[in-house]
Amino acid sequence: MNSNRKGTFQDLNALFVFGALTVLMIHILSFFLANEKTYPWNSDLQAVLIILLKFGRSLFIFATGMLLFYWYQNRQLDWRAFWKKRWRAVILPYVIWTAIFTYFKHQTFDPAVLVEPFFDSLFTGSSFYHLYYIPLYLQLSLLFCLIKPWMERYLNFRWIIVLFIGQAGLYVLYHYLFITPLWAIDWAVNPFLSLMKHTYVYGQHYVFMYVFTFALGAYAGMNVDKWRTWVKRLQIPSIVVMASAAVWLAYSYLSGYKSYYESMNIFEPLYLVYTLCVIISFYPISSYLGKLPKLGPWLARLAKQNMAIYLVHPLILFLLQSYVIHRLGWSTPSMVLGMFVITPPLCIFLYELTTMSFWFNRKKRVEAKPIFKNQTYKA
């Protein structure tokens with residue numbers, strides 16, 4: 001049992017910030033790559049950067065597993081308090097921003113147009129391309145509640161190896177069923193086969209595609225000291241393997257061995273290894289940065305804004321892309337950098353305006369404002 005679970009856990013702050021910034025950069029680069037004729041740049045460089053930066057989702061899933069099992073290890077879980085906290089911090093903001101993105105997607109206030117896609121998106125995250133992660137996070141939270149006792153009792157390093165092999169095996173199975181199929185299968189012939197194809201097409205929405213990464217985080221959270229020692233010893237070998245995997249991923253795309261869309265598939269064994277090495281390589285750095293007296297508190301504050309940056313950044317990018325950048329005479333790299341710098345603070349500002357605490361505190365501030373009456377004083 002972790003006896004030092006007091007205050008804040010600083011190891012993951014830099015990792016959260018790093019993950020959020022990589023997601024932001026991917027979405028910026030994706031726009032300019034898709035509009036290469038209008039905003040010319042080095043398309044191969046942009047594509048390779050996008051391919052190699054698609055580990056942010058796995059960083060978040062690992063960190064989620066680690067934090068949940070670190071804080072709640074060997075403690076009685078109060079389901080009501082657990083989900084009440086997530087209602088305030090995750091679900092309510094998600095509902096609000098789903099409504100906002102549904103409006104921007106359909107450009108109307110007509111309830112007949114908005115109601116059905118709004119409620120559909122609440123379950124699927126389909127109102128905008130990034131919102132699928134919030135239902136996925138809620139699945140991870142529910143999975144934690146259901147398997148917490150079992151994980152605390154049985155999860156060990158052997159199970160981590162088994163889960164890694166099982167996850168890689170699932171990716172291989174999907175590869176030979178759907179990407180380069182070995183058998184001609186009519187997936188519409190019965191409901192079971194249709195469901196199987198659905199699990200591949202919409203795999204990123206479901207928790208079973210990330211079981212290993214989540215379990216690795218759980219193991220790290222329940223064995224923090226052992227994990228810190230382990231990743232420190234393996235950091236250099238992991239960097240070597242990560243660099244080798246990155247070279248192969250880049251070469252596979254640049255040589256034409258894989259198309260851009262095939263290279264974007266993170267559900268394959270090589271990318272699983274690559275992501276694992278990113279986690280192991282960066283964790284000691286994140287832990288070190290989180291403990292620095294000046295940088296650590298700044299990272300902690302920025303890490304708390306992850307929800308704001310994640311939820312809002314597509315709206316900021318949409319507005320910049322639609323109404324701002326075509327008016328600028330900047331080079332494409334300059335616009336990429338400018339959007340990368342300006343988006344996070346705008347996200348935080350706009351997100352704050354949609355929080356209940358902002359409006360409740362504003363009301364209290366107004367009520368607490370002193371009222372001065374004109375009075376006449378005689379000398």
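A disulfide is taken here as a pair of cysteine sulfur atoms within 2.5 Å. By this rule, the count for the structure is zero disulfides.

**Confidence**

The mean pLDDT of the protein is 89, and 92% of the residues reach a score of at least 70. Over residues 371–379, by contrast, the pLDDT falls below 50. Beyond near neighbours in sequence, residues 371–379 make zero contacts in the model. Where pLDDT is low, the predicted coordinates should not be read in detail.

**Helix H5**

Helix H5 covers residues 111–124, which is 14 residues. The expected span of a helix is 1.5 Å times one less than its number of residues; for H5 this gives 20 Å, and because the end C-alpha atoms are 20 Å apart, the two values agree.

The buried residues of H5 are Leu114, Phe118 and Ser121. These residues lie on the same side of H5, because they cover an arc of only 70° around the axis. The buried residues of H5 pack against helix H4, which comprises residues 79–106. On the face of H5 turned away from the buried side are the exposed residues Ala112, Glu116 and Phe123.

Both ends of the helix have a local feature to note. Just after H5, glycine 125 adopts a positive phi of about 70°.

**Threonine 64 in helix H3**

Threonine 64 is located in helix H3, which runs over residues 56–72. A polar atom of the threonine 64 side chain lies 2.7 Å from the backbone oxygen of phenylalanine 60. When residues up to four places away in sequence are not counted, threonine 64 touches Tyr133, Tyr137 and Phe214.

**Buried residues compared with the cut-off**

A residue counts as buried if its relative accessible area is under 20%.

| Residue | Relative accessible area | Class |
|---|---|---|
| Threonine 64 | 8% | buried |
| Cysteine 145 | 7% | buried |
| Cysteine 277 | 7% | buried |

Threonine 64 has a relative accessibility of 8% and is therefore classed as buried. Cysteine 145 has a relative accessible area of 7% and so is buried. For cysteine 277 the relative accessible area is 7%, so this residue is buried.

Methods. Residues numbered from 1 in each chain as written. Predicted model: local features only at pLDDT ≥ 70, side-chain atom pairs only at ≥ 80, totals over all residues. Heavy atoms only, no water. pLDDT = per-residue confidence, 0-100. Contact = heavy atoms within 4.5 Å. Helix = DSSP H or I, 4+ residues; strand = E, 2+ residues; numbered from the N terminus. Buried < 20%, exposed > 50% of the residue type's maximum accessible area, 1.4 Å probe, protein only. Arc of directions from axis to C-beta. Polar contact = N/O pair within 3.5 Å; in protein donor to acceptor, adjacent residues only side chain to side chain.
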